[in-house]
Amino acid sequence: MRYSKLLIPTLRDDPSDAETISHKLMLRAGLIRKVAAGVYSLLPLGVRVLSRIEKIIREEMTNAGAQEVLLPALQPSELWEETGRWQKYGKELMRLQDRHNRDFCLGPTHEEVVTDLVRNEVRSYKQLPLNLFQIQTKFRDEIRPRFGLMRGREFIMKDAYSFDADLSAAETTYRAMYSAYHHIFRRVGLHFRAVEADSGLIGGSSSHEFMVLAETGEDDIVSCQQCEYAANMEQAELVSPQTRSEHSDESMLSVSTPNQTSIEALSAFLNVSKDKFLKTLFFIVDERPVAVLIRGDHEVNEIKLKKNLNVTELALADREAVERITKGPVGFSGPVGLEGLEIIADRSVVTGTSYIIGANEKDRHYRHAVVGRDFDIDRFFDLRNVVPDDPCPRCGGTISIDRGIEVGHVFMLGTKYSEAMGATFLDQQGKSQHFVMGCYGIGVSRIMAAAIEQNHDESGIFWPQQIAPFDVEVIPMQEKKEAVMNAALEITVTLEKQGFEVLLEDRKERAGVKFNDADLLGIPFQVVIGERDLNEGMVELKNRQSGEKIRVSIEDVVTSLIGLRLQ
């Protein structure tokens, strides 16, 4: 393929509206162009990368026993109403009406559509297990789309849905897909971790996320340095704390804390460590307020809070609600005197221990407030985020917290959707049973961005070999000289006959421009042909990732590249 015939509109400088490395480099390397917020066109190089990723995914899905289908992006509201998600999914669901005023959505996922398909076509246990997958464009009306392909409103996803006769068979399918995902992410060249995760709006009994480790990731990954335990921050478990022995005999005392409305400020003002404070937060749950107590050195995990309260939605109370509940200003809230209000607390809040709390009065806090004496707590739960000093819940080892980018998610759905939609089959005894389901997603376009986050330097991208847009770039330095160009063409043809995909740099540009663009595009290997080397029957090979350069004879180019590719 000739460079001059491809649309590769490279940019010299970082675009001003791009925040992450991958977003900047995908724009600069001419892989994508913005159409609207969270909506991008993929240009030829971007499509080539995407096609290679899709090829790997299709191969591994087929090896795992899945069959490819293509389901409609446009979905009728009736199917979503059967599961209750038409109301629950919220504003991220792209909703529209046809000319007859019938409600539809642009699919962010396809549980309803695929369950409807299977309930109409599969009647007997003899047709199971069944696993259907597709690679398709999805739509989510993100409140703040950002980071290029990392969080867009339109994106390409691989989603698969399994149907089994019982839980044991479904668990076997889940393990097969879990294993297939490991194969996929290894083959595309990513450094990743599989972590325990929350099932969110998809639902189900268990799930795992596949996280690419990167400093620019949006998610925190909790992992043990001694064992295999790993989870995202939303799901990370905590060891039940040991009861502390220090009890206070001092009476609760109101102290002046003028303008000290944050834990950081209070800690400095009173010269007391943050763990001696209790924060009182208010959440609105099913139109009723709930008070949540957590130590000053911890943060509330809203996913855990939702699970423990068994609700799908809750919201932090606004200023007016807090002042109405406490009859005091925001920043000075506390649990004393909250009549008729349920008070829940994280398990690290210990009965019998004294804390500093808000007094529900401007510029006042209480010292020596004792749980169980000065105020009561109705229920205790694991409600907080993990911090680095916490022990591993599996082995007690050291916890580390890293940043990650979610590129895949597997869910054990159980009968959540089959029961809601009446999807049944006849078992061996002729009895009607609900399908036991699983679902499995991969952010195909997000893999492109994640790969760049892990594989770049100050000059540009260096693609993992398996997903690079081309295997080799042939760069003639004096393309006007017939011998140099003929050698470049001959090497290109030879490499292509050996199965390499080759980009021939045939533009009439300065050598510096060619080298800069080659490093920016990140094709794994460069074959540089100059007149002086050619007169000696030699060319230069460059490994884009390592930067290593070697001189080889023209006859050894293919053998040398095969060797480099296998390293």
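Student: What sits over the ring of Trp86?
Tutor: The charged end of Arg95, 4.7 Å from the ring centre. Bear in mind that this is a predicted model.

Student: And what lies over the face of Tyr3?
Tutor: Arg507 does, at 3.9 Å from the centre of the ring.

Student: Ring against ring, then. How many aromatic pairs are there?
Tutor: The count comes to 10 aromatic pairs. One of them is Trp80 with Tyr89, whose ring centres are 5.5 Å apart.

Student: Why is the pair of Trp80 and Tyr89 called edge-to-face?
Tutor: Their planes stand at 80°, and an angle over 60 degrees counts as edge-to-face.

Student: Are those two residues buried or exposed?
Tutor: Trp80 is buried, because its relative accessibility is 0%. Tyr89 has 8% and therefore counts as buried too; the cut-off for buried is under 20%.

Student: What about Phe185 and Phe210, how are their rings arranged?
Tutor: They form a tilted pair, with 5.6 Å from centre to centre and 35° between the planes.

Student: Where in the chain are they?
Tutor: Phe185 belongs to helix 6, residues 167–187, and Phe210 to strand 10, residues 206–213. The two are 25 residues apart, so this pair links distant parts of the chain. Both Phe185 and Phe210 are buried.

Student: Switching to the backbone. Which residues does a cis peptide bond join?
Tutor: Leu128 and Pro129, with omega at about 0°. Pro129 is in the loop that runs between helix 5 (111–121) and strand 7 (130–139).

Student: Why bring that up?
Tutor: Because most peptide bonds are trans, and most residues other than glycine have a negative phi.

Student: On phi, then: which residues have a positive value although they are not glycine?
Tutor: Asp286 is one of them, with a phi of about 50°. Lys327 has a positive phi as well, about 60°.

Student: Where does Asp286 lie?
Tutor: In the loop between strand 14 (278–285) and strand 15 (288–295). Asp286 has a relative accessible area of 60%, so it is exposed.

Student: And Lys327, where is that?
Tutor: Lys327 is in a loop too, between helix 9 (319–326) and strand 17 (342–346). Its relative accessibility is 72%, and Lys327 therefore counts as exposed. The cut-off for exposed is over 50%.

Student: Now the whole chain. How many helices and strands are there?
Tutor: The protein chain has 15 helices and 31 strands. Its C-alpha trace spans about 95 × 70 × 50 Å along the principal axes.

Student: What share of the residues counts as buried?
Tutor: 53% of the 567 residues. The accessible surface of the chain is about 26,100 Å², and 47% of that belongs to carbon and sulfur atoms.

Student: How many of the contacts join residues at least 24 apart?
Tutor: 69%, taken among contacts between residues at least 6 apart in sequence. The pair of Phe185 and Phe210, 25 residues apart, links distant parts of the chain.

Student: Last one, charges. How far apart are the mean positions of the positive and negative ones?
Tutor: 3 Å, for 68 positive and 86 negative charges in the protein chain.

Key
Residues numbered from 1 in each chain as written. Predicted model: local features only at pLDDT ≥ 70, side-chain atom pairs only at ≥ 80, totals over all residues. Heavy atoms only, no water. Phe/Tyr/Trp six-rings, centres within 6.5 Å; stacked < 30°, edge-to-face > 60°. Buried < 20%, exposed > 50% of the residue type's maximum accessible area, 1.4 Å probe, protein only. Helix = DSSP H or I, 4+ residues; strand = E, 2+ residues; numbered from the N terminus. Lys NZ or Arg CZ within 6 Å of the ring centre and 35° of its normal. Contact = heavy atoms within 4.5 Å. Areas by Shrake-Rupley, 256 points an atom, 1.4 Å probe, with all protein chains shown as cover. Lys, Arg positive; Asp, Glu negative; His and termini not counted. Charge placed at Lys NZ, Arg CZ, Asp CG, Glu CD.
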